[in-house]
Amino acid sequence: MLRRTILKLMATLAATSLLPFGAFAEMPKTVDKPVTITFYNYNLASAGAGSEATKELIANFEKKNPNVKVETIAVPSNEIINRVQADVVAGKQPDVAQLTFRDLIFIASDLGGNALEDMVSPAELKEHLTGIFPKGLELGKVDGKTYGLAYTFSTPILYYNADLFKAAGLDPNNPPKTWADVAIAGKAIKEKTSKNGFFPGAYGPTDGTFVYQSIVMSNGGKVREGDKLTFADKNAAEAVKTMRDMVQSGAHAKIDPASASDTFSAGNMGMFLYTTALLSSVKKSAAGKFDLRLAPMPSFGEKPTAPTNSGSALFVFSKDPAKQRASYELLKYLTSPDAYTIITSKIGYLPLRLDIVDDPNQLGPWAKENPMFRSNLEQLNRLTPNMAFPGPNYRQVEKMMMDSVREAVFGSGDPIATLKTAQEQAQDLMP
Amino acid sequence: MTIDTSHDHQPLASLTAETGGKTRRIAVHVVMIVLSVLSIFPIYWMIVTSLRPENEIFSTAMWPANPTLDNYVFVLTRIPMLQMLFNTTVVAATTAGLQVVTGLFAAYALVRWKMRLSGVIHGLIALSWLVPFQVTMIPNYVLASKLGLLDTLTGLILPNASHAFAVLLLYHAMRSFPTEILEAARIDGAKSWKILWQIVAPNMGAPIASLSIIAFISAWNEYFWPLLLSRKPENSVVQIGLQMFMTQEGNLWGPLMAAAALASLPILIIYLVLQRHVIESFMKSGIR
């Protein structure tokens, strides 16, 4: 019995030692034969700028890589993880997928996502990752390995209506820098114009947790530490209480969270904290109606802000070495300077490569025409990775946390007690 | 001398009754007019919003200052809207047709042949109606994938080709069909196939029309199954098309309203042409 076990162990060790990177067979150096790979993408499931830009990116890639055919599967962002999972179950192995950061740990631990370090040789990986800003690379890492390569992502930015600032007797050239400033400005707007003062895109059904986590982390809080939930701990809870205090003073609006962006776009709100992905759409609505401006996200006093990221990363699931090579080539192109020039200028997401911003052949001309975008770029040196939850119940934990945040901000009970109760209950669902 | 006032009283009473009736009629009309305006206003607002330029989308004016057809052009050029409308028509019409046929077969079998387990089978069919589609969605998806039906219209139609509601509606309608006629036909040598298609079905016009209309509208509005099964917009249906205007980069309200106006046109036409049948269908079968 013992002998058989030792033999099995030796055989396994021998087999794994033959493979160059972990459990992966070596990818061919190039794509020599025609290969078709699937690309699950949520931008293609929309009719907005994201779809057109993605089609352009894929056409460019196929032109550069004539042996690779990309079969696109368009799925809305809130459904795409379920589709990838359903296809894995159905035996239709996905190759590349654009998935959101909230699913990061699940993708790495349960869904069979490939770590780039296991799939690509260190030298080749280093060559591609050179030029990408290091904090951007951290976004897709789990236990030190890169499962997702940040693709379309952004950080929260403060949109403000300069006309409402003027009407409320505020200086639009001096936007709020701290949450105390937001509370004063929000209250003035509410009292003098009867419009809504401030609202963060943090509580809606499709908002995820990035705005909320940015606020919490800017106050030195965290939603979890390892497997221990900490969203009700001192700094995190105080950040939520700041929002609650603003609700009580009238500075923070009490509106349907799903309608916040429309309320701002309609000119009925003074300040709105949300991703720059919305910039193009808000600009069109504001054109000729009100003076739209942007400012960095507010801070808690002197504490530096810790903006975290919205958006998506690219993940590779291919098991076949030839498809892995084709998938990696797609990943490389989609995170190249050329691709980021298209992604930033045509959709509005942040470039993963900052050296292209002032390059006259890349984003240079666009960056000059869109000075508002600089506010978001300035925040990147403080970019803090969004924290995904571990374990099979991660979505439930996230929901319980956000439900309690909504209750703490808009409810009538003690906000800290509300968060604590939810944290205790949700802790049971953590691994 | 007595004065007969009865002649005077009569017209007065009838006048009062007439006035009361008139007031009631006016009140009923006022209520109906208010309800009609409330029902029609969202459709009016959808059409008006579809004609607004982007910077007027959030305007509350009853008519756009600069009406434009740009949103319709955007819809027709950005997504394969006409192909989606065609796909939806094919899926809805075929689904409705198949539900009628499978419903007729099952109802005829349950009514015509009294088996020992008829009650159990009837109960099981009724129970299957209570199972939410989301529960069977993933097993259905895996099966559709194995059968090579992903991203096909056949895949969208097949799981809905029979429905407990169709069977139960036709079963109850068929139960009231006179058995004497069926017996007479059988004595005359007619087989079940002939009895079903030449005697029963032609006399069940009303329930079949009701079922067809409800099944068509239900299939037209289907969202979850096409969302899971479709892989490309051109192979999908119009409800998925509508969702495409709610993007990560903001909701495109103008194009969304234009697409919704286009998507609701066929259903509106059905209502206008078959108004009486549609209302009767919903009244008889309960709101679905």
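## The core, the chains and their contacts

Modeller: This is a predicted model. Its largest nonpolar core has 180 residues, and the ones touching the most other members are B:Ala107, B:Leu170 and B:Ala259.

Biologist: Which helix gives the most to this core?

Modeller: The helix in question belongs to chain B and spans residues 81-112. It supplies 12 residues to the core. That helix is α3 of chain B.

Biologist: Which residues does B:Ala107 touch, not counting residues up to four places away in sequence?

Modeller: B:Ala107 is one of the residues with the most partners in the core. Leave out the residues up to four places away in sequence. What remains is B:Val167, B:Leu170, B:Tyr171 and B:Met174.

Biologist: Is chain B spread out or compact?

Modeller: Chain B has 14 helices and two strands. For its 288 residues the globule rule gives 19 Å, but the radius of gyration is 26 Å. That is well over the rule, so chain B is more spread out than a compact globule.

Biologist: What box do the C-alpha atoms of chain B fill, and what share of its residues is buried?

Modeller: Along the principal axes, the box is roughly 100 × 70 × 30 Å. Of the 288 residues in chain B, the buried share is 31%.

Biologist: How many residues of domain 1 of chain B are in contact with domain 2 of chain B?

Modeller: Domain 1 of chain B covers 6-50, and domain 2 covers 70-285. Their C-alpha centres are separated by 38 Å. Domain 2 of chain B brings eight residues to the contact, and domain 1 of chain B brings four.

Biologist: How do the residues on that side of domain 1 of chain B divide by class?

Modeller: Take the side of domain 1 of chain B that touches domain 2 of chain B. Charged residues are absent there. The classes are two nonpolar and two polar.

Biologist: What share of the residues in chain A is buried?

Modeller: The C-alpha atoms of chain A fill a box of roughly 80 × 55 × 35 Å along the principal axes. Chain A has 431 residues, and the buried share is 49%.

Biologist: Which element gives the most to the side of domain 1 of chain A that touches domain 2 of chain A?

Modeller: Domain 1 of chain A is 22-154 + 310-382, and domain 2 is 156-308 + 389-427. The contact joins 17 residues of domain 1 of chain A to 23 residues of domain 2 of chain A. On the domain 1 side, α4 (104-109) and α17 (374-379) of chain A each give two or more residues. With four residues, the top contributor is α17(A).

Biologist: Why is strand β13 of chain A called largely enclosed by the rest of the structure?

Modeller: Strand β13 of chain A runs over residues 310-316. It counts as largely enclosed because the number of its residues that are buried is seven of the seven.

Biologist: Is A:Ala422 buried or exposed?

Modeller: A:Ala422 sits in helix α19 of chain A, residues 415-427. Beyond its neighbours within four places in sequence, A:Ala422 contacts A:Met400, A:Met401, A:Asp403 and A:Ser404. The cut-off for a buried residue is 20 or more other C-beta atoms within 10 Å. A:Ala422 has 22 such neighbours, so it counts as buried.

Biologist: Which element gives the largest share of the side of chain B that touches chain A?

Modeller: The contact takes 24 residues from chain B and 32 from chain A. On the chain B side, α5 (133-146) and α11 (224-229) each give two or more residues. The largest share is four residues, from α5(B).

Key
Residues numbered from 1 in each chain as written. Chains lettered and ligands numbered in written order. Predicted model: local features only at pLDDT ≥ 70, side-chain atom pairs only at ≥ 80, totals over all residues. Contact = placed C-beta atoms within 7 Å. Buried ≥ 20, exposed ≤ 12 C-beta atoms within 10 Å, placed from the backbone. Domains from an automatic or database assignment. Core = buried A, V, L, I, M, F, W, Y, C linked by C-beta atoms within 7 Å. Nonpolar A, V, L, I, M, F, W, Y, C, P; charged D, E, K, R; others polar. Rg over C-alpha atoms; globule rule 2.2 N^0.38 Å.
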